[in-house]
Amino acid sequence: MDVTHALAAGMGGIRTAGDLVGRMQMTRGMRLTQAKRYVADKLGCSVGDLSDSYAMEQIRGEKGLGRILDHSNLHPGEPNAMTAKFRIADLLGIRINSVERFKAMAGI
Amino acid sequence: MAEYGEAEAGAEGPTGTARGGGVTERRIPARMGDGSLTHMTRSELRADIEEATQLGARKAKAEPLSAGEIDHVLDIYASSASFTAVDIGEQVVLSCDGGGSKMTGTDILDLLESEQRFGQDILELWHIEYSYKAIKTILPFQQQVMQNAQLMLTAPIQYGAQPNLAFYSRPDGPVANWFELLPRGEIDAARAAIEEAMDYATKDFIYVGEGMLDAGADGLDFDTTGGAGDGDFLSTLTAVEHLRAGHPDAGIEVGMAGEFVIGVHGELAHRGRRLAGLWPKGQLEVCQDAGVTLFGPAVNIRTGKSCAWNTAYSLTVIKPCMEVATIPVHPNVGEGVCGVPVNGYPPEDAVSRAAKAHVEILRCDGL
């Protein structure tokens, strides 16, 4: 069922900008249209690009926002996971809880 | 009964001949609310949709779907396609309560798979016990998993569990069992028991919620809220207010258990608004007042009705939410709610139709 929903109606998570739009809904309570517009403006792309995996794969790579990794799609030296979340927090102008926790524990 | 993909005898094809000799409509594969396959004509599907929206409008004191919306739902359901989807660019955010691949016991691998393979937008760490009362006893274990998962994933991860107020009543909990007191007519004692349970529950929700936010969670999910009635709902709203005050950036999702709040107590109110009997619009409004950031309405499936009927009913009772929402609305399209059959393996044709209908008719913010 999770796969069905992802294919039928989901933005695509980190394959696209679904996680970024989701973060604006969670942290700011933004409705979908507002959240998509906000993220598109921050990325410098169109709203349509946000759920286009072709466009977002390149944009995420350029901005170091984390990409899908598999054996034919490896990006050593590029930010992902926690390191990408540092960049996402800066890009979106939001506080990401785990990033703040990481800084505190690492003494940054 | 006809086999999958076959029409019933005597009624096959758009110009088929009925047993009586008249021209009949083609029968289209359709699902019932229990997930079983049936075949219905376009006219039968339309009749189901029209009946459901009238019933939903009457019960929820809402407007029925418009003629255009009925046609739209009909077009989605009067199809033999094994799968359907929203248009390119119209995709919405998926907040996955109890989500992931449900490979229990593999928390972080499950989350990684959800992010890297399923492409879920908002992930959720959860435990098979899935009640705040139970999670309290294993909080450090869940905190460690959350902390580790946050190091390894990019997508937001919320922590989810259910309020389950009834777990605070005997024999599972410390409080008198109001479901035993009520049938005996001991109304005052039952209400007192509910209020005592609410106090225990709210403290647990806050304890677990703050613990998971301390471990790095991006948000919390109160899943299946109101399952034990208005006391269940109010104890959740009270916890949300407390958590919101201390964590202004945290996502807090409240997903409902059913289409209206059952008045088990009957006199409970949030900021002066009686909770018993609230339909999705009222539920959303009190959630907004409490500081919720994602609201998930749930509309229960009628297993004896078609999925087209159930989806039309769901759309009708949820639609008033969309007019007053100041926060994202993510209808629950899980097993047994909002047009998705009650089935451990909900058929993909039915699930994808429910998803498409809710996104395109409601213009909702996510699922």
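This is a predicted model: local features need pLDDT of at least 70, side-chain atom pairs count only at pLDDT 80 or more; totals for chains, interfaces and linings use all residues.
## Two domains in chain B

In chain B, the domain assignment gives domain 1 (28-80 + 305-328 + 344-367) and domain 2 (107-296). Taken over C-alpha atoms, the centres of domain 1 and domain 2 of chain B lie 28 Å apart. Where the two touch, domain 1 of chain B brings ten residues to the contact and domain 2 of chain B brings eleven residues.

On the side of domain 1 of chain B that touches domain 2 of chain B, helix H10(B) gives the most, with five residues. The residues of that side of domain 1 of chain B divide into nine nonpolar, one polar and no charged.

## Chain B as a whole

Stepping back, chain B contains eleven helices and nine strands. The C-alpha trace of chain B spans about 70 × 55 × 35 Å along its principal axes. A compact globule of 367 residues would have a radius of gyration near 21 Å, and the 22 Å of chain B agrees with that.

Of the 367 residues in chain B, 53% are buried. Take the contacts in chain B between residues at least 6 apart in sequence: 71% of these join residues at least 24 apart.

## The parallel sheet

Chain B has an open sheet of five strands, in the order S3-S4-S5-S6-S9, with parallel pairing. At its edges stand strand S3 (123-125) and S9 of chain B; each has a single partner strand, so one side of each is left without a neighbour in the sheet. On average, and ignoring direction, neighbouring strands of this sheet are turned by 25 degrees against each other.

For a look at one pair, follow strand S5 (residues 219-225) of chain B, which is joined to S6(B) in the parallel sense over five bridges. Here Gly219(B) stands opposite Gly251(B) of S6(B). Helices pack on the sheet too. Helix H3 (residues 107-118) of chain B touches S3 and strand S4 (157-161) of chain B, and its direction makes about 175 degrees with that of S3(B). Helix H5 (residues 139-152) of chain B also packs on the sheet and touches S3 and S4 of chain B; the direction of this helix makes about 155 degrees with that of S4(B).

## A hairpin in chain B

Strand S1 (residues 28-31) and strand S2 (residues 37-40) of chain B pair in the antiparallel sense over four bridges. One of the pairings links Arg31(B) with its bridge partner Leu37(B) in S2(B).

Together, S1(B) and S2(B) make a hairpin with five residues between them. In the turn, Gly35(B) has a positive phi of about 95 degrees.

## An enclosed helix

Helix H9 (residues 280-290) of chain B is worth a visit. Eight of its eleven residues are buried, so this helix is largely enclosed by the rest of the structure. The buried residues of H9(B) include Pro280(B), Leu284(B), Val286(B), Cys287(B) and Ala290(B), along with Lys281(B), Gly282(B) and Gln283(B).

What covers these residues? Among the elements of chain B that cover the buried residues of H9(B) are helix H8 (230-246), strand S6 (251-256), strand S9 (294-296) and helix H10 (307-324). Strand S7 (269-270) and strand S8 (273-274) of chain B are also included in that cover. Just after H9(B), Gly291(B) takes a positive phi of about 105 degrees.

## Meeting chain A

Chain A has six helices and zero strands, and along the sequence its pattern reads α-α-α-α-α-α. The radius of gyration of chain A is 14 Å, close to the 13 Å that the globule rule gives for 108 residues, so chain A is as compact as a globular protein of that length. Its C-alpha trace spans about 45 × 35 × 30 Å along the principal axes. Of the 108 residues of chain A, 49% count as buried, and among contacts in chain A between residues at least 6 apart in sequence, 31% join residues at least 24 apart.

Arg28(A) is partly exposed, with 19 other C-beta atoms within 10 Å. The C-alpha atoms of Arg28(A) and Ile59(A) are separated by 23 Å, with the two residues 31 apart along the chain.

## Where the chains touch

How many residues of each chain are in contact with the other? The contact brings together 41 residues of chain A and 51 residues of chain B. On the side of chain A that touches chain B, helix H1 (2-8), helix H2 (18-28), helix H5 (81-92) and helix H6 (97-106) of chain A each supply at least two residues. H2(A) gives the most to this side, with eight residues. By class, the side of chain A that touches chain B has 17 nonpolar, 16 polar and eight charged residues.

Note on methods
Residues are numbered from 1 along each chain as its sequence is written. Chains are lettered from A and ligands numbered from 1 in the order in which they are written. A residue is buried if 20 or more other C-beta atoms lie within 10 Å of its own, exposed if 12 or fewer, and partly exposed in between; C-beta atoms are placed from the backbone. Two residues are in contact if their C-beta atoms, placed from the backbone, lie within 7 Å. Ala, Val, Leu, Ile, Met, Phe, Trp, Tyr, Cys and Pro count as nonpolar, Asp, Glu, Lys and Arg as charged, and the others, Gly among them, as polar. Domain bounds come from an automatic or database domain assignment. The radius of gyration is taken over C-alpha atoms; the globule rule is 2.2 Å times the number of residues to the power 0.38. Two strands pair if DSSP finds at least two bridges between them. Axes are lines fitted to C-alpha atoms, for helices over the stretch in contact, and angles run from 0 to 180 degrees between N-to-C directions.
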